[in-house]
Amino acid sequence: MGKDLKGKELGVGITQQKNGLYSARFVDKFGKRRQKRFKKLQECRQWIADATYVDEHSNILQATDIMVDAWFDYWIDIKKKTVRPNTVRNYTERYNRNIKKIIGKMLLSEVKPLHCQKIFSDMADEDYRTSTTYQTRIALFNMLEFAKENDVIRYNPCKKSVKSDMGKPSQKKEALTVDIQKVFLEYASGQSYEYQYRFILQTGLRTGELVALKWEDIDFQNKTLKIQRSMEYRYSVGEWRIGEPKSKSGYRTIPLTDEAIDILKRQKEKNKKIKIISMEWSEFVFLCRKGTPIKNSTYDTALFKICDKAQIPRFSMHVLRHTFATRCIEGGMKPKTLQIILGHSNIGITMNLYVHTTEEEKLKEIELVADALNVV
């Protein structure tokens, strides 16, 4: 039991030094001595209480008495070895932003449906979109389900009775109409990333796939390109990360239109005018004037400027992919073929997320079946 300078007992692990500061220390479960100094006694007592509690409830070998924070660290470490980096990043972001503050310091075994509900209710109060709330539910459910499967908890508290379909409605990503597409391309003409925008409208590539494209992936003779990787700039670490496509279906060969081939040839000529290109980026197709790839967010920022100048609603790079898919369906492409070109794992994703039927198309389709409907 420690004492202050006047001999008054302060509590286990707490002492007052000659300079007046209060010192708290204890030995953690790894045998390491942990110590911290404070000006105020109350802050000192709070720290040692919190630190010892976390230490006592962070042992995975005693999982039935573990805190949610510690269980998440254990679970996400396993996920790092089994799922794509983007998935790990999304799980971690949702946990740190929305889940941790509600149940992070609770014992895993004490989490109830009402606690799960508070996570989603708070998100609704904070004006999160329903799509983000749904992503949070996925992270929470999977983390708790893993605990249930390992007999750490008896049941998963994130059950059906916990409602998460709340908050602001998600913005529906709709394809550009033909008229707006024409206006956009007119104003994109001569802009820095014109070829990239036009290329997605010809191929339906994801932005990460476009950024990662190399000349070795292009077969000019057979007019095809292979998708073998994805790439994005990670601002958190300040570096480019190259990884696998989004899924196994992401590995694919895409046939190229004559327009796509022409765009690639013009881009090759454009690259020849770049003064300095390091060996690291010399094989990449789409580079900026500095000889480096363009960050994903930079593409969107440039898109917004074009939209504002053209006085059309702003849209993101992903809408160009939507537009490619819609033009393909309008042109008569079979949905199964489009699924393969887009790199989707199942046809439902293709039809539900990426194909926007315009009013004009609905009129065309009803005219095709008008005679069949006219039963007299």
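Reader: Where is Lys 8 found?

Author: This is a predicted model, where local features need pLDDT of at least 70, side-chain atom pairs count only at pLDDT 80 or more, and totals for chains, interfaces and linings use all residues. Residues are numbered from 1 along each chain as its sequence is written, and side-chain values use heavy atoms, with hydrogens and water left out. Helices (H or I, at least four residues) and strands (E, at least two) are DSSP runs, numbered from the N terminus. Lys 8 is in a loop, the one between strand 1 (2-3) and strand 2 (9-11).

Reader: Is Lys 8 buried or exposed?

Author: Buried means under 20% relative accessible area, exposed over 50%, and partly exposed in between (1.4 Å probe, protein chains only). Lys 8 has a relative accessible area of 58%. That is over the limit, so Lys 8 counts as exposed.

Reader: Which residues does Lys 8 touch?

Author: Contact means heavy atoms within 4.5 Å. Residues up to four places away in sequence are not counted. On that basis Lys 8 touches Gly 2 and Lys 3.

Reader: Which residue in strand 5 stands opposite Ala 24?

Author: Ala 24 also stands opposite Ile 14, where strand 3 is joined to strand 4. In strand 5, Ser 23 stands opposite Arg 37. Opposite Ala 24 is Lys 36.

Reader: What phi does Gly 20 take?

Author: Gly 20 belongs to the hairpin of strand 3 and strand 4. Five residues lie between these strands. The phi of Gly 20 is positive, near 95 degrees.

Reader: Why do helix 2 and helix 3 count as roughly antiparallel?

Author: Angles under 35 degrees count as roughly parallel, over 145 as roughly antiparallel, 65 to 115 as roughly perpendicular and the rest as oblique. The axes of helix 2 and helix 3 come within 11 Å. They cross at roughly 175 degrees. That makes the pair roughly antiparallel because the limit is over 145 degrees.

Reader: How many nonpolar residues are in the contact of helix 2 with helix 3?

Author: Ala, Val, Leu, Ile, Met, Phe, Trp, Tyr, Cys and Pro count as nonpolar, Asp, Glu, Lys and Arg as charged, and the others, Gly among them, as polar. The contact includes Phe 72 and Trp 75 of helix 2 and Tyr 91 and Thr 92 of helix 3. One residue is polar and three are charged, while the nonpolar count is eight.

Reader: Where does helix 3 bend?

Author: The bend at a residue is the angle between axes fitted to the seven residues ending there and the seven starting there. Helix 3 spans residues 85-103. Its buried residues include Tyr 95 and Asn 98, and the cover over them includes helix 2 (68-79), helix 4 (113-125) and helix 5 (130-149). The bend is about 45 degrees, at Asn 96.

Reader: What is the relative accessible area of Asp 151?

Author: Asp 151 lies in the loop between helix 5 and helix 6 (178-188). Its phi is near 60 degrees, a positive value in a residue other than glycine. Asp 151 is exposed, at 66%.

Reader: Where does Gln 311 lie?

Author: Gln 311 also has a positive phi of about 60 degrees, although it is not a glycine. It counts as exposed at 74% relative accessibility. Its loop is between helix 10 (296-310) and helix 11 (317-330).

Reader: How far apart in space are Thr 350 and Lys 336?

Author: Thr 350 is in helix 13 (347-353). It is buried, with a relative accessible area of 0%. Thr 350 and Lys 336 are 14 residues apart in sequence. From C-alpha to C-alpha, the distance is 8.6 Å.

Terms used
Pairing = 2+ DSSP bridges. Axes fitted to C-alpha atoms, helices over the stretch in contact; angles between N-to-C directions.
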